[in-house]
Amino acid sequence: MASRSLPAALRRGLTFWRRSIQARVVASTVLLSATVVSIVGWFLLQQTREGLLENRVDAVVAEASNETMEARSRLAAAPGTDIDSSSQQRDLVEPIIQRGDSRGFSVVLAGPIGETGGRIADGGAKFTPGLEKSSVPESLEAHFDTVAPTAWTYTDIRSRDVLDPGPVRSSPGIVVGSQVRLPANGETYTLYYLFPLDEEEETLALVSRALLTAGGLLLVLVAALTWLVARQVVTPIRLARRVAERLAAGHLQERLKVSGEDDLARLATSFNQMASNLQRQIRQLEELSRVQRRFVSDVSHELRTPLTTVRMAGDVLHDARASFDAHTARAAELLQKELDRFELLLVDLLEISRFDAGAAVLEVDDVNLVDVAHRVVDMTRALAEQRNVRVAVDAPQGPCLAEADVRRVERIVRNLVTNAIDHTEPGTRDADIVIHVAGDTHAAAIAVRDYGVGLAPGDTALVFNRFWRADPARARTSGGTGLGLSISLEDTHLHGGWLQAWGRPGQGAQFRLTLPRRAGGALRQSPLSLVPNDLEERTS
């Protein structure tokens, strides 16, 4: 029910996925390849990123060191009479700012360091126009609260356009800090050089796009190659499947085309040899079956003439048995009884031969299964009374109709009831055998329930075999031929119905016949349970 609620396109996709080995191989290969390409691509990107940053750090630290050395040289060359620290700061930082504008870096001069720390936020800092002073991390400022060597760290450089102030722009960068001593006041100041990483970012983006493009093309190539390779393997398998389906449909002459000498060619050769052996064995079995059916039919027909003669002589002896002595009269009665059984056996053999030859046909009419059950009870009343067995019918008040051959349905039910009588001992129940009748909109069913010896585990699969007995030492008290249940099963299959058996040792057995309401209709369930209701009640 859940699969029916899915969209049609999704159901078709799931069906294609389940049935196509080629699609699953391609998908799994592409998935694994994508995983490997992703891992390798991530590793290459990390290596490229680390390499770019390492080179950039070396370059900016070197450039910052050069700027600091040049600044220290200019400060060392300043006259000793210059005691104006503000002008000295300005003369120090402005040339660096100008060079930074041309070389693409920004500068912040903070200080002096002392008890207050000389932080940028304390005021007095000089910096590149448009630069946000918060671009220098506080962790680096804390490093230079006292005299310290050159240090660097990563940061986000935030700035505004000087001519057209707008929103703050942010970009990754590197900040390098160095300290210089101003001769004017003898205080130490910190120079922060902020170098953007725009070029490295663009390079990394270019490398990422190149890797994505190469990875995508590689996956497409892998998918195409996998599809071609899988197709070379799957195509012969599909051909073998089609040939196998045609063989299963009865076209035994179908064979695979063999080309080459590889494993697939050897598989095709072995398949053809197997098909040839099967064809030869099937033809042998068909010929043997045909000879067997012909033999049974010929013997049945040929025995009719002598049987008729023997029957006439037996009838004469049976009618005159009153004038015989006791032993001769008993022999005449036994002869008459065995002739009756022999005649029934010939009739059953002829019926079986018609089933085997496919010559059995249905004479379909509306059949009331309730009437059939009552007629069968009347037919078997003499045998039931002889065994002191009571037979009852459990049927609805109204008719239970099905399109069927009334003669064959009566024969099925009669064989089931006779078999039940043959395996039931008289008991204290109101009825030793119960015939249940029920129906619904799609099917009609008859179940024959007995409380006799029952069936051992596994016997339900054998009970419909020809001449089978659960106990070979048990006599056929009803005079059966051993073919009744086999003929009943063939009659049921001719109607497109079910004939099923249930039994347990010591708890009896139940045989259920289920027929479609309409001739040719398909059965989905039976109106009657195969397991007897009285057993379920005792169990619960």
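This is a predicted model: local features need pLDDT of at least 70, side-chain atom pairs count only at pLDDT 80 or more; totals for chains, interfaces and linings use all residues.

Student: Why is E200 called buried?

Tutor: Buried requires under 20% relative accessible area. E200 has a relative accessible area of 14%, so E200 is buried.

Student: What makes E200 and R56 a salt bridge?

Tutor: The criterion is a side-chain nitrogen of Lys or Arg within 4 Å of a carboxyl oxygen of Asp or Glu. For E200 and R56 the N to O distance is 3.7 Å, and the pair therefore qualifies. E200 belongs to helix α5 (residues 198–248) and R56 to helix α2, 144 residues apart.

Student: Why are R160 and E132 described as tying parts of the chain together?

Tutor: Their closest N and O atoms are 3.0 Å apart, which is within 4 Å, so they form a salt bridge. R160 lies in the loop between β3 and β4, whereas E132 lies in the loop between β2 and α4 (138–143); the pair therefore ties together parts that are 28 residues apart in sequence.

Student: Which class of accessibility applies to R160, and which to R518?

Tutor: Exposed means over 50%, and partly exposed lies between that value and the 20% limit for buried. R160, with a relative accessible area of 35%, is therefore partly exposed. R518 reaches 57% and so counts as exposed.

Student: What partner does R518 have in a salt bridge?

Tutor: The side chain of R518 meets that of E403 at 3.0 Å, N to O. E403 is partly exposed, because its relative accessible area is 23%.

Student: Why are β2 and β3 said to stand at the edges of their sheet?

Tutor: The open sheet has five strands in the order β2-β1-β5-β4-β3, with antiparallel pairing. β2 (126–127) and β3 (151–159) each have a single partner strand, so one side of each is left without a neighbour in the sheet.

Student: How do you know that β1 and β5 are paired?

Tutor: Pairing needs at least two bridges. Five bridges join β1 (residues 106–110) to β5 (residues 188–196), so the two strands pair. Within β5, Y192 is the bridge partner of V108.

Methods
Residues are numbered from 1 along each chain as its sequence is written. Side-chain values use heavy atoms; hydrogens and water are left out. Helices (H or I, at least four residues) and strands (E, at least two) are DSSP runs, numbered from the N terminus. Buried means under 20% relative accessible area, exposed over 50%, partly exposed in between (1.4 Å probe, protein chains only).
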